Amino acid sequence: MGTVARAYAAVAPVYDWIFGWLLHRGRARAIQVLQLQPGQRVLEIGVGTGISLPLYPREVRIHGVDISPDMLEKAKRRVARRRLTNIESLRVMDAHALDYPEATFDAVVAMYTITVVDDPWKVVNEMRRVCKPKGRIVFVNHFRATTWYHALWDRIARPAHRAVHCRADLDMNEFLQRTGLRPIVCQRVNILGYSTLLCCLNE
Ligand SMILES: C[S@@+](CC[C@H](N)C(=O)[O-])C[C@H]1O[C@@H](n2cnc3c(N)ncnc32)[C@H](O)[C@@H]1O
């Protein structure tokens, strides 16, 4: 088991208690900006405990992947408990090498995951590859602080970031420049706008 999967094996039992409510608004808003139509197919990378899954419209087909079997186990139990019949698959998979053909999904989403993966650039390339042209690619994440109060919170939250293997220094402008993604929506979300929602078209 790799470092990230080990970290999340430890965190899985308490993840929802800590990060469920704290990051909820960002998840809900991310699903809203996808503007999903009935029958569309969505991939969520780093789906974790599946906390976002009940938020998707029931007419949309969802596939989730995560590198942590422990987090996914919780997601599977949630799907069974909530009878989420639109969740078509939950697979242990590394987002650096997605096991899907090109242009499989209408939308691809990464919620609080792009700063946890080892190589965000490689993961974005994979997200783009499996997303249909003009499909939506959505991120909700904390990027490098640009205000004193976000920087202060970063310092306070450092132990929590470390526990979930999350870096707090990914610069959003550099991220957009290097990936070549151009957001059609860029919006602060969550408490005090700590996270940013980015919705981009796969051009
Ligand atoms: C901070 S959690 C976010 C979970 C969930 N998306 C949420 O909204 O709370 C990050 C998730 O990314 C997963 N992850 C980290 N690296 C990954 C990789 N290379 N491939 C797939 N999933 C990965 C972790 O196992 C974890 O479940």
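Colleague: Why is Arg 82 called partly exposed?

Modeller: This is a predicted model, and the value is computed from it. Arg 82 has a relative accessible area of 45%. Buried means under 20% and exposed means over 50%. The value for Arg 82 falls in between, so Arg 82 is partly exposed.

Colleague: Where does Arg 82 sit, and what does it gather with?

Modeller: Arg 82 belongs to helix α3, residues 69-82.

Colleague: What makes the pair of Tyr 15 and Phe 19 tilted?

Modeller: Their planes stand at 35°. Stacked needs under 30 degrees, and edge-to-face needs over 60.

Colleague: Are Tyr 15 and Phe 19 buried or exposed?

Modeller: Tyr 15 has a relative accessible area of 11%, so Tyr 15 is buried. Phe 19 is at 13%, so Phe 19 counts as buried too.

Colleague: Why are Phe 139 and Phe 175 called edge-to-face?

Modeller: Their planes are at 90°. The cut-off is over 60, so the label is edge-to-face. The ring centres are 5.2 Å apart. Phe 139 is in strand β5 and Phe 175 is in helix α7, 36 residues apart. Both are buried. With Trp 121 and Phe 143, they form one aromatic cluster.

Colleague: What makes Asp 16 and Arg 78 a salt bridge?

Modeller: Their side chains meet at 2.5 Å, N to O. The limit is within 4 Å, so the contact counts. Asp 16 lies in helix α1 and Arg 78 in helix α3, 62 residues apart.

Colleague: Why do Asp 16 and Arg 78 get their accessibility labels?

Modeller: Asp 16 has 21%, so Asp 16 is partly exposed. Arg 78 is at 9%, so Arg 78 counts as buried. The cut-off for buried is under 20%.

Colleague: What about Asp 106 and Lys 132?

Modeller: Their side chains also meet in a salt bridge, at 3.1 Å, N to O. Asp 106 is in strand β4 and Lys 132 in strand β5, so the pair ties together parts 26 residues apart in sequence. Asp 106 has 19%, so Asp 106 is buried. Lys 132 has 33%, so Lys 132 is partly exposed.

Note on methods:
Residues numbered from 1 in each chain as written. Predicted model: local features only at pLDDT ≥ 70, side-chain atom pairs only at ≥ 80, totals over all residues. Heavy atoms only, no water. Helix = DSSP H or I, 4+ residues; strand = E, 2+ residues; numbered from the N terminus. Buried < 20%, exposed > 50% of the residue type's maximum accessible area, 1.4 Å probe, protein only. Phe/Tyr/Trp six-rings, centres within 6.5 Å; stacked < 30°, edge-to-face > 60°.
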